[in-house]
There are 2 protein chains.
Amino acid sequence: MPGDTKARIQEVARELFVRQGVQNTSLRQISERLGITKPALYYHFASREDLVRSILQPLVDDLERFVDTRPPGEARAGEARALLEDCFELMWRHREVTTMIVRELSLLGTLDLGERVFAWQRRMIALLLGPDPTPELQIRATVALGGMSDCTVEYAHLPVAQVKRAAVEAAAAALALP
Amino acid sequence: MPGDTKARIQEVARELFVRQGVQNTSLRQISERLGITKPALYYHFASREDLVRSILQPLVDDLERFVDTRPPGEARAGEARALLEDCFELMWRHREVTTMIVRELSLLGTLDLGERVFAWQRRMIALLLGPDPTPELQIRATVALGGMSDCTVEYAHLPVAQVKRAAVEAAAAALALP
DNA sequence: GTCTATACCTAGATAGAC
DNA sequence: GTCTATCTAGGTATAGAC
């Protein structure tokens, strides 16, 4: 099927990025693996950055949609836990990209996605704990959210249900949720 | 003082690595900042990898010493919390290097430090929870330890005491410590 | 211990034919 | 949409003078 070369490039690139890191993957490797030449990539993507960004973007978009579609203000008792569960599932669904980001956090900066993810984190914390949380609560939220994302990376080989239950449990406890 | 050029190189390199990431820092930048030439660096370090490793090593050594100097077996009640506190302080003391690693986790792999850090984590979990913890407990420990290291990076501008108290509190809760 | 000079490679990227 | 050919910039690293 002609026309899906772009998708195939992203597929191969994502696989290599996850396996050996983004910084350690060259366009040459990607094109060789596809059986095409390097310049051919440039027909589909304006630059290497563009290719990488196109792979990370869906996760960032989904994260933003996630907080956009919830009513603002602090979650009621019991709702916060559901929020953590849904958030975990989102990160798990995108776990290949989550892995890329966790292993090379600095990517967000070089791709100008850092600000967006940072803003997302603030809004997420506001949903969990209300606006203007104390530094103490922000720190607890960082443990909770950072911990959950680490788990989607480190325990990607275990069954979802098991990881989800334990990770959400730990995150909720870190937040001192009831 | 002649003879401390090596230390000055490490100092400048560490600063640049923290500010703009390891991968985005070239030997040219380091040598220019020092007012020496690129080849001069090669008198002090066999390679770029060697330089980077020499900067990360002290943290890894300290982590290993940390678990080496504690009696094996599960910590008693109350001891686990002290263990988390000491661990936090260690990461905070090395927080420049901790930052480098958290932002570019994949460095550990390329420098052959990944195995050592992974083994450290297993031993640390054994100290906290006893040998052969269930997957559930391992996941909780990942949230706790990963969360604490994230905090040393993200809240490096706040007073130690405040970050330490909140981060250890959250980590202990994630572990379901009494 | 530090310099000049340079070799060598690989990367990302472009021009233009087909 | 993909190719060949090529450019340029930057990287790591070495040889040999001082």
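1. How far from a phosphate oxygen of DNA strand D does a polar side-chain atom of B:Arg28 lie? In this predicted model, the separation between the polar side-chain atom of B:Arg28 and that phosphate oxygen is 3.1 Å.

2. On the elements involved, two or more residues of the surface near DNA strand D are given by each of α3 (38–44) of chain A, α2 (27–34) of chain B and α3 (38–44) of chain B. The largest share, four residues, comes from α3(A). By class, the residues of this surface divide into seven nonpolar, six polar and three charged.

3. There are 16 residues around DNA strand D, and those that come nearest are A:Tyr43, B:Ser26, B:Lys38, B:Tyr42 and B:Arg48.

4. Turning to the protein chains, 34 residues from chain A and 34 residues from chain B make up their contact. The area buried between chain A and chain B is about 2,800 Å², and carbon and sulfur atoms give 62% of that area. In chain A, the residues that lose the most area to chain B are A:Ile139, A:Val143 and A:Tyr155, which together make up 19% of what that side buries.

5. The rule for polar contacts finds 10 residue pairs across the interface, with both residues at pLDDT 80 or more.

6. The side of chain A that touches chain B receives two or more residues from each of α6 (95–103), α7 (106–110), α8 (114–129), α9 (135–154) and α10 (160–174) of chain A. The largest share of that side, 13 residues, comes from α9(A), and by class the side has 16 nonpolar, 10 polar and eight charged residues.

7. As for symmetry, chain A is superposed on chain B by a rotation of 180° with 0.0 Å of shift along its axis, at an RMSD of 0.0 Å. That is the relation of a two-fold axis. Because 100% of the interface residues of chain A are also interface residues in chain B, the copies meet through the same surface.

How values were computed
Residues are numbered from 1 along each chain as its sequence is written. Chains are lettered from A and ligands numbered from 1 in the order in which they are written. This is a predicted model: local features need pLDDT of at least 70, side-chain atom pairs count only at pLDDT 80 or more; totals for chains, interfaces and linings use all residues. Side-chain values use heavy atoms; hydrogens and water are left out. Contact means heavy atoms within 4.5 Å. Buried area is the accessible area (1.4 Å probe) that two parts lose on being put together, summed over both. A polar contact is a pair of N or O atoms within 3.5 Å; within protein, one must be able to donate a hydrogen and the other to accept it, and residues adjacent in sequence count only if both atoms are side-chain atoms. Ala, Val, Leu, Ile, Met, Phe, Trp, Tyr, Cys and Pro count as nonpolar, Asp, Glu, Lys and Arg as charged, and the others, Gly among them, as polar. Copies are superposed by least squares on the C-alpha atoms of residues with pLDDT of at least 70 in both. A residue is near a molecule or strand if one of its heavy atoms lies within 4 Å of it.
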